[in-house]
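Hi,

Here is the model I promised to pass on.

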Amino acid sequence: MTSIRHSVNVASNVVSNVVSIGAVLVVAAATLSASGRKFYDDDPISREPETKDASKVQARDITLSYDLAENLLANPGDRRSIRALNVNTVDEVPDSSWFTNRILAHPLSIDEAVRGPMTGPGPAPGPVTVTRAKPSGVSAGFVLRDSAGVTWFVQFDAPGHAEAASGASMVANRIFHALGYWQSENHLAELRPEDVTIGAKAVTETPSGKIRQLDRDDLAKLLERAARQPNGAYRMLASREIPDFRGRFRYYGTRGDDPNDIVPHEHRRELRALQVFGAWTNLVDMKAKNTLDALATENGLTVLRHYLQDVGSTFGTGALGPREWDEGYELLFEGDAAWKRLVSFGFYRQPWQTTKYTEYSSIGRFEGDGFDPTKWKPRVPTAALRNARADDNFWAARRVMAFSADMIRAIVKAGQYSDPAAEQHLADVLVKRRDRIGRAYLTAINPIVNVALDRFGTVTFANAAVDAQVAQAPTGGYRARWFVFDNATGESTPLGAPTTASTGRMEGPAGLPTATGSFVRIDIETVDPTRSSWSVPVQVYFKRSAAGWALVGLERLP
Amino acid sequence: MDRECLWRVAVGTVALAVWCSEPGWAQTRADDIARQQEEKAQTAKPDEPNRGELFLEQFEQGKWFLGVPRGWYPVFGSVSSGGGFAAGGGYRHHIGYDSFVDVSAMYSIASYKKIQITGSTPNHVKGRLDLSGSISWVDLTQEAFYGLGNESDPGDHTSFRVNRTQVQGVATLHLVDWLRLRLDGGIDDYAQKSGQGPHPSIEEVHSRETVPLLDENPLYLRGEASAAIHWLQSPGYSRTGGLYRLAYEEFDPLRGDGGTFGFARTEVVQHLPILRETWVLSLRARTESIVRKSDVVPYFLMPWLGSGSTLRAYPTARFRDRHTLLLAGEIRWFPNRLGLDMALFFDAGKVAPQRSLLTLDGMKTDYGIGVRFHTPAATALRVELAKGLEGWRTVFAASAPF
């Protein structure tokens with residue numbers, strides 16, 4: 001009996017000890033990972049790891065009306081104003097199945113930008129076979145297979161607006177590819193009705209809802225909705241089929257069946273940045289239906305790749321003609337504006353009523369002189385756009401500003417506009433809007449970039465706003481406070497007195513650590529009484545290695 | 001160090017070793033992310049649409065009777081202007097690509113009834129020709145009659161009941177997108193009965209001397225030809241464009257005392273957007289005249305004014321005579337271009353026994369304010385408050401006024 005009681009007591013003590021010690025360890029581990037161990041050995045990562053097989057992800061579509069209503073009225077997603085959760089420790093977006101760093105991150109030639117996502121010359125010449133009707137959208141189109149057996153989704157310009165929708169899709173496709181998004185492979189091609197045969201399995205839905213074989217009358221009806229060229233052919237935008245379609249993504253939350261999708265989409269920087277990229281290109285139609293998820297194989301693993309599949313609703317035109325006057329200025333529904341207009345008998349004035357346009361039928365209503373990127377709005381907001389912060393916009397604006405005027409003009413040529421004046425106009429407006437984006441967003445936050453610390457303790461950096469010629473050099477120069485940083489505890493110990501400089505080069509204080517693995521933190525403030533936001537310091541962290549100091553951290557906003 | 005202390009250290013060391021070997025203790029950022037993905041993989045499953053999304057998905061697919069009718073479907077609307085809200089059901093059978101046969105029936109809160117069989121086969125001759133035919137029977141139980149003339153007294157409200165059985169064929173030719181020619185013909189069989197409702201029946205107050213063809217049950221061979229130039233965005237909702245229409249309709253009696261007569265109708269509608277559709281000025285002018293033998297036209301076929309789409313502050317058919325003139329203007333503004341319009345409107349109308357009397361003198365007028373909920377192509381609900389010479393009136397309608 002005694003031995004039994006003793007055993008019970010021992011067991012009780014063991015449990016008690018394990019629980020108490022375990023609790024301490026949990027707290028300790030949490031402290032270490034959360035605030036103590038700020039940087040891992042592999043920081044900053046350049047690629048977002050995707051480690052799990054996603055082949056079981058199922059195709060799902062998103063109901064258009066629900067998506068629009070939810071984003072207009074319900075304000076979905078996590079609305080906390082927090083830093084984007086997919087940025088690495090130096091405030092950059094790692095490559096992933098969402099995004100690939102191209103312009104700004106790497107030298108991007110004009111030829112590369114113009115080539116965009118192209119892998120070949122487009123639909124093979126010769127006969128084509130229509131395999132099915134166009135699954136969605138308002139423009140005329142269908143799915144065809146070329147003589148090489150490649151499947152293409154084709155759509156046509158609306159009558160009276162030749163080159164408009166197709167040209168916009170071509171140009172925007174290159175721009176968004178250069179910006180880093182996954183894009184479909186778009187080509188311009190000519191379709192001659194006599195080259196078209198109708199596949200045995202091509203069907204169409206009758207007004208009564210019956211499915212039946214597509215015939216030449218159907219084809220003729222469809223082509224009546226397309227702009228015809230003087231030579232009798234039709235200019236078509238051909239988008240190469242993206243295989244293994246798995247539906248769409250929303251701009252909030254994660255896909256429940258994709259194990260690699262762990263960052264809520266409203267907290268992905270590249271999706272927040274569409275506020276700036278959208279403003280630049282007037283991409284007003286940012287609905288989930290215009291995205292596409294598809295399986296892809298990377299390093300032998302099946303992952304889900306996320307495309308901005310349809311960026312054609314850009315510049316001044318929609319699928320069927322010029323934009324509505326208020327597009328880009330107002331959401332489809334804004335209670336406040338609606339109420340003001342209602343009670344004022346329409347006399348509530350807004351900029352879209354008086355903005356001046358130089359209209360070309362192939363470009364539509366697109367201008368740069370009155371453009372204010374901070375006021376730009378898509379038709380329907382997304383959770384990611386609503387969460388965009390100044391650091392997200394700054395990140396995006398740097399990429400926009402990286403497009404040279406020559407690159408923009410070369411990309412616009414991809415639209416193959418027959419009117420040189422229209423082509424010139426589109427490029428001019430893009431340049432103007434680019435510069436306005438730079439002025440708006442590069443100046444809205446401390447614009448310190450490209451920070452480096454050499455082995456002798458001299459820190460160098462650039463001012464992105466000054467370099468882009470959208471701001472004057474700060475009148476008070478720069479001031480830096482230096483710290484020795486303990487990566488294990490997260491503690492920063494001041495090091496010497498603050499240093500100052502009038503340019504982007506500053507000598508560090510004496511006593512910088514020299515041991516490999518040591519860290520320093522530098523808070524760099526830009527001093528200009530006219531720009532209070534610049535006084536919020538950019539915090540940069542360097543780690544000492546045998547080769548010198550390596551940048552491991554950058555925080556532009558808390 | 002006593003035994004208990006040693007025991008605690010040993011347990012702690014083991015626990016620390018176990019903890020550090022767990023995926024939760026990431027050595028690298030990549031490990032940390034991999035751990036989170038591993039955790040999610042344990043519970044990964046496809047997202048399920050909620051009830052709201054499922055409903056809207058079915059809505060988009062044309063379920064809930066909102067798309068093209070297929071099979072059985074409900075019907076809502078009205079049998080005739082002034083007949084009150086009606087509901088019913090129908091059955092549509094589709095034939096070929098876009099032809100159909102349809103049977104429907106409606107019953108209104110004022111006991112109006114309608115039964116109709118329709119056959120439609122559109123898009124012949126490369127989409128230029130639409131053909132349709134129908135057989136219908138309507139029972140209009142309490143149609144209003146206030147006497148003839150522009151100065152009829154609102155207190156002289158009587159009612160009449162008329163049944164119409166109609167066999168009709170229609171051919172519409174779209175020569176070009178903006179020009180529509182329409183031929184409409186058939187046989188109309190009318191039967192008059194005592195009016196229902198709270199007002200005295202017409203025969204209790206009037207005689208054949210004051211009301212043409214009272215108690216007659218005429219049968220007509222009827223034909224109409226019309227031409228319309230139109231470039232409206234949609235017949236159901238427009239902010240730009242216009243409609244210019246001319247029509248002539250003739251009635252040739254197959255039974256009864258009357259002779260042949262006809263109606264000449266003209267209508268002009270023009271929408272003029274102002275400052276990028278901040279406002280739209282919408283104008284309408286419409287005339288309707290009996291031509292040839294005007295004295296053989298039954299009173300119930302005479303042109304009339306007054307309703308939610310003509311003189312909006314006056315009840316349906318408030319003014320009736322051989323000739324009518326209607327002028328209407330609206331200034332519309334758009335709190336939300338997606339679906340909400342407001343309008344200030346003014347209507348003026350006149351009926352007269354002779355066309356020469358259709359002057360601007362003595363017109364009945366009204367004005368008011370309205371709100372419209374609409375889709376890009378149709379007006380779903382129009383609510384208007386109108387003030388006329390006889391007081392206020394509220395209009396509820398599911399169509400544009402013009």
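How many helices and strands does chain A have? The count is 13 helices and 19 strands, taken as DSSP runs numbered from the N terminus (helices H or I, at least four residues; strands E, at least two).

Before the rest, some housekeeping. This is a predicted model, where local features need pLDDT of at least 70 and side-chain atom pairs count only at pLDDT 80 or more, while totals for chains, interfaces and linings use all residues. Residues are numbered from 1 along each chain as its sequence is written, with chains lettered from A and ligands numbered from 1 in the order in which they are written.

Chain A overall: the C-alpha trace spans about 90 × 80 × 55 Å along its principal axes. Of its 558 residues, 44% count as buried (20 or more other C-beta atoms within 10 Å of the residue's own, with C-beta atoms placed from the backbone).

Now the cores. A nonpolar core here is a set of buried Ala, Val, Leu, Ile, Met, Phe, Trp, Tyr and Cys residues joined through C-beta atoms within 7 Å. The largest one has 98 residues, and Val400(A) and Leu426(A) are among those with the most contacts inside it. Helix α4 of chain A (residues 164-179) gives the largest share of this core, 10 residues. Leaving out residues up to four places away in sequence, Val400(A) touches Val276(A), Phe277(A), Trp280(A), Arg434(A) and Ile437(A) (contact being C-beta atoms, placed from the backbone, within 7 Å).

The axes of α11 (residues 405-413) and α12 (residues 420-442), both of chain A, come within 9 Å and cross at roughly 140 degrees (lines fitted to C-alpha atoms over the stretch in contact, angles from 0 to 180 degrees between N-to-C directions). Ala405(A), Ile408(A), Arg409(A), Val412(A) and Lys413(A) meet Glu423(A), Leu426(A), Ala427(A), Leu430(A) and Val431(A).

Finally, the contact between the chains takes 45 residues from chain A and 49 residues from chain B. On the chain A side, α1(A) gives the largest share, 7 residues.

Cheers

Key
Two residues are in contact if their C-beta atoms, placed from the backbone, lie within 7 Å. A residue is buried if 20 or more other C-beta atoms lie within 10 Å of its own, exposed if 12 or fewer, and partly exposed in between; C-beta atoms are placed from the backbone.
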